[in-house]
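Please open the model in your viewer and keep the selection tool at hand. The stops below proceed from the sheet to the charged pairs.

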Amino acid sequence: MFRVVLFAILSILPAAFAQADTRATEQKNLVRFEQFAGPPVESFDMWSLYQWQSLGPDRLAVWSAVNKVWLLKVSQPCIRLEDTNAIKITSQMAHKVTARFDYVDFAAQHCQIQEIRPVDYVALRKSAAPKSSS
């Protein structure tokens, strides 16, 4: 019996550490994205969702093109946004995503977009590039 309990405890520990690492990584990434984000805007054009990245329970980055990135803040509660594998962004106006009118949908949830900030993604990527020593 002791072995079963010990095995159960040992199998849970890596998952707890992985989740803590994920939260810490999300927080670090959020700080980086916020550093290169401009002031809030009302809307942005999006013909298709190119890519997205979770940055925590109420923040995510979405790419509307290769270097067109937007930092979104969604209303709470938006349960487990940071753990979802797929999202959909609604667009009440054709190909335009608007704060307070559009939503991030996932796992049967409908989370209102509260804030949109453009991200200087080229500068963000340059800041992460390793410095060459000359």
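Select the strands in the order β2-β3-β4-β8-β7-β5: they make up an open sheet of 6 strands with antiparallel pairing. Because β2 (51-54) and β5 (88-89) each have a single partner strand, they stand at the edges, with one side left without a neighbour in the sheet. Strands (E, at least two residues) and helices (H or I, at least four) are DSSP runs, numbered from the N terminus; two strands pair if DSSP finds at least two bridges between them.

This is a predicted model, in which local features need pLDDT of at least 70 and side-chain atom pairs count only at pLDDT 80 or more, whereas totals for chains, interfaces and linings use all residues. Residues are numbered from 1 along each chain as its sequence is written, and side-chain values use heavy atoms, leaving out hydrogens and water.

Next, select β7 (residues 103-106) and β8 (residues 109-119), antiparallel strands joined by 4 bridges. Y103 has Q112 in β8 as its bridge partner.

Turn now to the salt bridges (a side-chain nitrogen of Lys or Arg within 4 Å of a carboxyl oxygen of Asp or Glu); the structure holds 5. Select R59 and E34, whose side chains meet in one of them at 2.7 Å, N to O. R59 lies in strand β3 (residues 59-65) and E34 in helix α1 (residues 2-35), so the pair ties together parts 25 residues apart in sequence. R59 is buried at 13% relative accessible area, and E34 is partly exposed at 28%; buried means under 20%, exposed over 50%, and partly exposed in between (1.4 Å probe, protein chains only).

Finally, select K96 and D45, which form a salt bridge at 3.0 Å, N to O. K96 in strand β6 (residues 96-98) and D45 in strand β1 (residues 43-45) are 51 residues apart.
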